[in-house]
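Colleague: I am new to this one and would like to learn how to read it. Could you take me through it a feature at a time?

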Amino acid sequence: MTALAAHGGPMTLEAPRPHYQWPIIDASLEKAILDQAHRSLSDRDATGIIGEYEQAFAAFLGLQPGQVVSMASGTAAIHATGHILGLRPGDAILAPAYTFLATASPFAFEGIEVVFCDADPTTGNVSAQSLADRMQPNVKAVIVTHMWGIPCPMDEIAAFCAEHDLALLEDCSHAHFARWDDRPVGTWGDLAVFSTNQKAITTGEGGMLVARDPRLRELAVLFAHYNKRSRAEIAPSSAHFPFAFTGMGLKERMTTLGAAIGVHQLARAAHIEAHRRHNLDTFTKALDGNPVIAPIVAPERGTHGLYVLGLRFNPDQASVTRDEFVRLCVAEGALDVDAPGSTRDISAEPLFARRDPHASWTPAPIHPVDLPGVSAFQDAFIKIPAWGYSGDEELLDGYLAALAKVSEHVAR
Ligand SMILES: Cc1ncc(COP(=O)(O)O)c(C=O)c1O
């Protein structure tokens, strides 16, 4: 067996940094950005690139134009959902404990109680059961995240919400290409949010709010846009029209340059998907039979969302810890093998113990909850990029070779 690079052996790959850049800035993207810069750096309505981007995004999800509203970020869009639904201090929302913080932080900011739910240890996602386990009388809504691209079981979650008369929100930031029962994620909930910050479809920074119900859509426009756009898109006969000049008090629109990148990306969505799916298949096949690490695949009724390629580390089959395994892979030159640090159990963060949004910023006592599924998933999780561009085969092959070499060394 060749020695590990960390122990003085040869590195498996020596590709220079960065190993993952997204999107690829080719001549056509450069032109799209420059053309837009000459046209306009800021649009007050959706008659230009913002409208073009929204139409393309709606079509990408199989929706009608006008069922999505672009925003400055995924966080801003999640913030808007709480207001659109009329959540207020005293209300609670069921949310995943294992997610990126912005799935829940905008609710906490508003003094809404976030009730954290456990995850399925094999997917990292909440289930109808893990939501039901934390149900309490003041819960008015549920938000789920399709973690790392794996779709949540949306039929049972939608049924749970219908049974308890709860609004259903989807955070699809990791799951642009995911489906459940062949229906795109983002089309199951009353409202859904896609961050487009460095995701499978990216605009640099940006967020998309899916609001299929016209009444919710009007509110989405009002919570993101004032005057020109709101007046153009809300019928004078609507009860919401009197707010069109001011909006609801915030301005959350995205940049035109971001929208130009989004239009460019969406025009290539089929290619991005095919390429990433091919990488996922290669990765899944290559790891078949590896005792130390296993690919995280979508459940039978789901389709992977292609944000990253996720792995589960099996500590019982290895002579090292998950973190040491990652370190050994990085030493082999697989620099983006990663045990994520910023997406993790957020349930014990002091932000979520606050109830009064106007109280001074002193931490309130935290009451930890037992989340065995979350711990099992996050302590074993490793990810690598899904890439999705010409020339990535070498990187994927190199990463798979590094994972195989380290696995062979550490397998018990
Ligand atoms: C699951 C999830 N939700 C929400 C967000 C927040 O989106 P943004 O960074 O666009 O504000 C992110 C961003 O990384 C995310 O991963």
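Modeller: Gladly, and we can start with axes: these are lines fitted to C-alpha atoms, for helices over the stretch in contact, and angles run from 0 to 180 degrees between N-to-C directions. Helices (H or I, at least four residues) and strands (E, at least two) are DSSP runs, numbered from the N terminus. This is a predicted model, where local features need pLDDT of at least 70, side-chain atom pairs count only at pLDDT 80 or more, and totals for chains, interfaces and linings use all residues. Residues are numbered from 1 along each chain as its sequence is written.

Colleague: At what angle do the axes of helix α11 and α13 cross?

Modeller: In general, two packed helices are described by the angle between their axes and the distance between the axes. Here the axes of α11 (residues 322-331) and α13 cross at roughly 130 degrees and come within 9 Å. The crossing of α11 past α13 is right-handed; a crossing is right-handed if the near helix is turned clockwise from the far one by less than a right angle, and left-handed if anticlockwise.

Colleague: Which residues make that contact?

Modeller: Phe325, Leu328 and Cys329 come from α11, and Ala402, Leu403, Val406 and Val410 from α13; two residues are in contact if their C-beta atoms, placed from the backbone, lie within 7 Å. Sorted by class, this contact has 7 nonpolar, no polar and no charged residues. Ala, Val, Leu, Ile, Met, Phe, Trp, Tyr, Cys and Pro count as nonpolar, Asp, Glu, Lys and Arg as charged, and the others, Gly among them, as polar.

Colleague: How is α10 placed relative to α13?

Modeller: The axes of α10 (residues 269-286) and α13 (residues 392-410) come within 11 Å and cross at roughly 20 degrees, so the two helices are roughly parallel to each other. On the α10 side the contact is made by Asn279, Thr282, Phe283 and Ala286, and on the α13 side by Asp392, Leu396 and Leu400. By class, that contact has 4 nonpolar, 2 polar and 1 charged residues.

Colleague: And what meets what between α1 and α9?

Modeller: Ser28, Leu29, Ala32, Ile33, Gln36 and Ala37 in α1 meet Thr256, Leu257, Ala260, Ile261 and His264 in α9. An α-helix has 3.6 residues a turn, so residues three or four places apart point the same way. The axes of α1 and α9 (residues 256-267) come within 9 Å and cross at roughly 145 degrees.

Colleague: How many residues of α3 are buried?

Modeller: A residue is buried if 20 or more other C-beta atoms lie within 10 Å of its own, exposed if 12 or fewer, and partly exposed in between, with C-beta atoms placed from the backbone. In α3 (residues 74-84), 10 of its 11 residues are buried, among them Ile78, His79 and Ile84. The elements covering them include β1 (68-71), β6 (167-171) and α7 (214-224).

Colleague: How many residues surround the ligand?

Modeller: There are 14, and the closest are Ser73, Gly74, Thr75, Ser173 and Ser195; a residue is near a molecule if its C-beta atom, placed from the backbone, lies within 6 Å of it. This shell divides into 2 nonpolar, 11 polar and 1 charged residues. Both α3 and β3 (98-100) supply at least two residues each.

Colleague: What should I look for in the backbone itself?

Modeller: Most residues other than glycine have a negative phi, and most peptide bonds are trans. Trp148 is not a glycine, yet has a positive phi of about 55 degrees; its place is in the loop between β5 (139-145) and α6 (154-164). Trp387 has a positive phi near 50 degrees and lies in the loop between β15 (381-385) and α13. Trp387 counts as buried because it has 24 C-beta neighbours inside 10 Å.

Notes. Parallel < 35°, antiparallel > 145°, perpendicular 65-115°, else oblique.
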